[in-house]
Amino acid sequence: APSIRLSPAARSLFDEPLAIAVQGLSPRQQVTLRTSLRDETGQLFQASARYQAGDDGELDLARCPALPGGSFSGLEPMGLLWALQPQKPFWRLVKRDVQSPFLLQLEVLEGYGESPGRLLAQAQHERAFLRDGTRRVPVREGRIRATLFLPPGEDTFPGIIDIHGLGGGLCEHRASLLANHGFATLALAYYHYEDLPQKPSELHLEYFEEAVNYMLQHPQVKGPGVGLLGFSKGGEVSLAMAAFLKNITAVASLNSPVTVTTIPLCYKDKTIPTLTFYEQRIKVTDSNILDCSDVFIDPFQAPGNQSLIPLEKAEAQLLFIVGQDDHIVKSEYYATEACKLLQAQGKQNFQILSYPGTGHCIDPPFFPLYPIGNHPFYKKPAVLGGELRAYAKAQVHAWTQIQAFFQKYLNDK
C-alpha cells in the first residue's frame, strides 16, 4: 500500500525544509498530493499538486517535478508548503501561540482533475516554532511589554530586538524562530497591547531605549550592542533608534520607510513630524481594493523635509531588505535614495537586498503569500503585492541573509 515518508518524520521547525516522498505507488501512477493546515481560528489553508510516480512506483518531491494544473508546477520540493493559500479571501496565516505547533495534513489522492479520486495515503506532521530547550520568557519590566526568547544552554548570545509594523500588538513568530538559530531575541510590543497606548498620538524613543537597556543588562545577552530587526513601521522605528540611541550595532529593516510616517516620533526635546500624504492619491481597483503605493509625497524631492530620519548619525551597520512589488511603502526607492545620501557623506555602513516579485510582507520561510490584506490605517483591503514563487524564494534567501548579517556584526565585536 502507498505510504508517505517525511524527513524529519514527525516534527520540524516552521522555517525548516521538509522532505516529502511517497512509496508503494504503481509504476508511473498519476496522483494528486494535497496539504492542509488550520490556523488558530480554524481557518483552512490548502495547496495541491499533480505528480506522476517513477517506474519503480516511487515519488520523491526533491526529484519529481509537479505537473501543470495544481497550485504550482516544476521541481519545487517545498511547494506544498509555500503554496498553501487560505480558503477565506485576504486571510493571513498568523501564529499567536508559538508554544504549540501547526498541524500539517498530507494526503495522496488517486488521479487528477477537479475532484481527485480515492485517498491512497495520509500523514500528519507538526510544524513547530520552538526547538527543544528554547525558552520563552514574558517580560514586564518597567514600561516594557515583550517576550524574550533564549536559545538552549547557559551561554551568552547575540541580542536582537524584533519590532513589527503598524497594527500593534505582540508578534512572536519571527522572534521565536530566530532564537532557534542562536539569537537572544526580544519580541517587543509598542502599542495596542495590554496597558500600552491603544492608539498613540506619538511614539517616544525612550520606550525603545528602555528595551535596549533591558537587553544589555540581561546576563545571557552578549554586548556591547544589540541588533534590531524591524518590519514596515517597525523598520522605521529601528532606523530612528540607530540614528538617536547608543549601543545599536546592526539594523535589518524589512520594507520600511526611511522617514517618519503616520505617527510622529519623539526623543527628548525633539519631535520628527510625519511625512505628508494625500488620501486622494489612493487608487481603487475594480474589485474595490485599495492601492496606496502613491499616497506619500516624495521625501527626497520635498525641500526642507523634516520627516526624514537622520540616518547619517547612525553608527550601526544597515541592511535594507526590499520587495520590488511593495505597494504600501516605496521601499526599494527609499532604500536606494537613503544609501545615496549616506554614500555622499562618505559612509559605507549599508547594503540593500532587493527581491523581484516580492510585496510588502516578507516573513520567515514557508509562510503563505499574503498579497492583499487589511490596511491597518484605512481598515480596508489593500494591495500588498507579491507573486507566489518569487516570494517563496525571497523569504528563504532573506532569512539566511538576516542571520548571516547579525552573526557577522553582533559576534565580531
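The dialogue below asks how labels given to this predicted model follow from their definitions.

Student: What are the ground rules for this model?

Tutor: The model is predicted: local features need pLDDT of at least 70, side-chain atom pairs count only at pLDDT 80 or more, and totals for chains, interfaces and linings use all residues. Residues are numbered from 1 along each chain as its sequence is written, and side-chain values use heavy atoms, with hydrogens and water left out.

Student: How many helices and strands does the protein have, and what makes a run count as one?

Tutor: There are six helices and 24 strands. Helices are DSSP runs of H or I with at least four residues; strands are runs of E with at least two, and both are numbered from the N terminus.

Student: Why is Ile321 called buried?

Tutor: Buried means under 20% relative accessible area, exposed means over 50%, and partly exposed lies in between (1.4 Å probe, protein chains only). Ile321 has 0% relative accessibility, so it counts as buried. Its place is in strand 21, residues 317-323. Across the protein, 55% of the 413 residues count as buried.

Student: Which residues does Ile321 touch?

Tutor: Contact means heavy atoms within 4.5 Å. Leaving out residues up to four places away in sequence, Ile321 touches Ser253, Leu254, Asn255, Leu353, Tyr355, Ile362, Ala398 and Ile402.

Student: Thr262 and Phe366 both have positive phi. Which is buried and which is partly exposed?

Tutor: Thr262 has a relative accessible area of 25%, so it is partly exposed. Phe366 has 7%, so it is buried. Neither is a glycine: phi is about 55° for Thr262 and about 75° for Phe366. Thr262 sits in the loop between strand 16 and strand 17 (265-267). Phe366 lies in the loop between strand 22 (350-355) and strand 23 (372-374).

Student: Why is strand 15 described as largely enclosed?

Tutor: Eight of its eleven residues, 221-231, are buried, so the rest of the structure largely encloses strand 15.

Student: How do you know which strands pair with strand 15?

Tutor: Two strands pair if DSSP finds at least two bridges between them. Strand 12 (residues 157-163) and strand 15 have six bridges, in the parallel sense. Strand 15 and strand 16 (residues 248-254) also pair in the parallel sense over six bridges. Gly227 of strand 15 stands opposite Ile160, and its bridge partner in strand 16 is Ala250.

Student: What makes strand 2 and strand 7 edge strands?

Tutor: Six strands form an open, mixed sheet in the order 2-9-8-4-5-7. Strand 2 (11-13) and strand 7 (85-86) each pair on one side only. Strand 2 pairs with strand 9 (residues 119-128) in the parallel sense over three bridges. There, Ser12 has Arg127 as its bridge partner.
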